[in-house]
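Let's walk through this fold together. Have the viewer open and follow along.

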Amino acid sequence: MSSSPSPSSRYSTVAIAFHWLLALALIGVFCVGLYMTGLSFSPAKLKLFNWHKWAGVTILFLTVLRLLWRLTHRPPPLPETIANSMPTWQRMAHHGTHYLLYVLFFAVPLIGWAYSSAAGFPVVLFGAWPLPDLLSVDKAFAEAIKPWHRLAAFTLAGLVLLHVAAALKHHLMDRDGLLARIGLGKAS
């Protein structure tokens with residue numbers, strides 16, 4: 001068993017806040033997306049679709065801010081004891097999963113926004129600020145890209161589950177204090 005990561009190996013308070021805010025937002029928007037697609041056409045369904053689009057654009061905006069923060073504030077390296085105990089494939093999976101998560105943080109809302117634009121349903125943020133359409137109305141193209149939004153969302157959900165499973169493995173099996181880096185538990 002290793003000790004908890006030192007304070008210097010913890011992410012900054014801002015990075016931790018972005019992580020957990022986006023985690024909660026992604027879970028919420030995914031659950032609403034699953035729920036709303038099963039509803040029959042109604043005012044409630046339209047309201048949920050609008051909320052889903054607002055949430056998606058907000059997640060996109062927060063992701064831009066998070067990426068800017070990450071590019072200007074280098075994340076702490078993995079503690080040496082953890083990095084040295086991970087096989088090469090795990091380190092590659094660790095980095096690859098993080099890169100793919102960032103790609104999908106952008107891809108999912110952008111594909112959804114493109115679909116909404118092509119379908120002729122503009123995004124009006126919080127019901128007050130109309131956003132520009134990403135594409136002109138083209139119903140056939142909208143139907144062609146609609147499955148891509150779903151596929152990207154489910155791929156993102158799968159990667160999030162993989163990320164959570166890896167974190168739980170470190171916490172419950174390895175007991176290496178890795179979760180303390182992102183604000184759960186105490187650093188030594």
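We start with the whole chain and then zoom in on a few spots.

This is a predicted model, in which local features need pLDDT of at least 70, side-chain atom pairs count only at pLDDT 80 or more, and totals for chains, interfaces and linings use all residues. Residues are numbered from 1 along each chain as its sequence is written, and side-chain values use heavy atoms, with hydrogens and water left out.

The protein chain has 5 helices and 2 strands (DSSP runs numbered from the N terminus: H or I of at least four residues for helices, E of at least two for strands). Along the sequence, the pattern reads α-α-α-α-β-β-α. The C-alpha trace spans about 55 × 25 × 25 Å along its principal axes.

Now look at helix 2 (residues 43–72) and helix 4 (residues 88–119). They pack at an angle of about 145°, with axes 9 Å apart; the axes are lines fitted to C-alpha atoms over the stretch in contact, and angles run from 0 to 180 degrees between N-to-C directions.

For Ser 9, in the segment before helix 1 (13–37), the value is 7%, so Ser 9 counts as buried. The cut-offs are under 20% relative accessible area for buried and over 50% for exposed, with partly exposed in between (1.4 Å probe, protein chains only). Ser 9 touches Pro 76, Pro 77, Pro 79 and Arg 181, not counting residues up to four places away in sequence.

Key: Contact means heavy atoms within 4.5 Å.
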